[in-house]
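I opened this entry to work out how the fold is put together. I began with the sheet, then turned to the helices and the core.

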Amino acid sequence: MFDLAFLYILAENPGTETTNFTITIVDDDPLYCETMKDYLLSMNIKKIEVYHKAEDFLSVMKKGDKRLVILDYEFANGSKFNGLTALKALREADNTLPVIIVSAQDNMGKAIEIELALKQQ
């Protein structure tokens, strides 16, 4: 498994070979997904997947996949998941999978609520 610090390492060493793992972006915002994908491509990451609904990703993931998941906290596109329920399903499928939760919360109270909920996972 790889350490989450690899994003920093890749940023510092842009020529690093990154063909042995996948970064999966699970977010309902197409602009965010495209921006993040462009950024990762600029870091020489070759395998990037984008899903706009958590259930779409959950239906294709396999235990032991070498990947990092960047997961949105709130889905506004009719997904049956939010970030916490998606994280729970991911952990049930593979509890070694590294996941970064992202959220565009502008409310500090909501951000703290998210952090507390994640600590209970």
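I count two strands as paired if DSSP finds at least two bridges between them. The model is predicted. On that basis I looked up the sheet. I found an open sheet of four strands with parallel pairing, in the order β2-β1-β3-β4. β2 (48-51) and β4 (99-102) each have a single partner strand, so one side of each is left without a neighbour in the sheet. The twist averages 15° from one strand to the next.

Next I checked how β3 and β4 are joined. They run parallel and share four bridges. Val 69 has Val 99 in β4 as its bridge partner.

Then I looked at the helices. α2 (residues 30-42) packs on the sheet and touches β1, β2, β3 and β4. Its direction makes about 165° with that of β1. α4 lies across β3 and β4, at about 155° to β3.

I turned to the largest nonpolar core, which has 15 residues. Val 26, Ala 54, Phe 57, Val 69, Leu 71, Leu 90 and Val 99 touch the most other members. α3 (54-58), β3 (67-72) and α4 (83-93) each supply at least two residues of this core. α4 gives the largest share, four residues. A second, separate core has 11 residues, including Cys 33, Leu 40, Ile 48 and Leu 68.

Last, I looked up Thr 24, in strand β1 (residues 22-26). Is Thr 24 buried or exposed? Its relative accessibility is 0%, so Thr 24 counts as buried. Beyond its neighbours within four places in sequence, Thr 24 contacts several residues, among them Glu 49, Phe 57 and Arg 67.

Technical notes:
Residues are numbered from 1 along each chain as its sequence is written. This is a predicted model: local features need pLDDT of at least 70, side-chain atom pairs count only at pLDDT 80 or more; totals for chains, interfaces and linings use all residues. Side-chain values use heavy atoms; hydrogens and water are left out. Buried means under 20% relative accessible area, exposed over 50%, partly exposed in between (1.4 Å probe, protein chains only). Contact means heavy atoms within 4.5 Å. A nonpolar core is a set of buried Ala, Val, Leu, Ile, Met, Phe, Trp, Tyr and Cys residues joined through side-chain atoms within 4.5 Å. Axes are lines fitted to C-alpha atoms, for helices over the stretch in contact, and angles run from 0 to 180 degrees between N-to-C directions.
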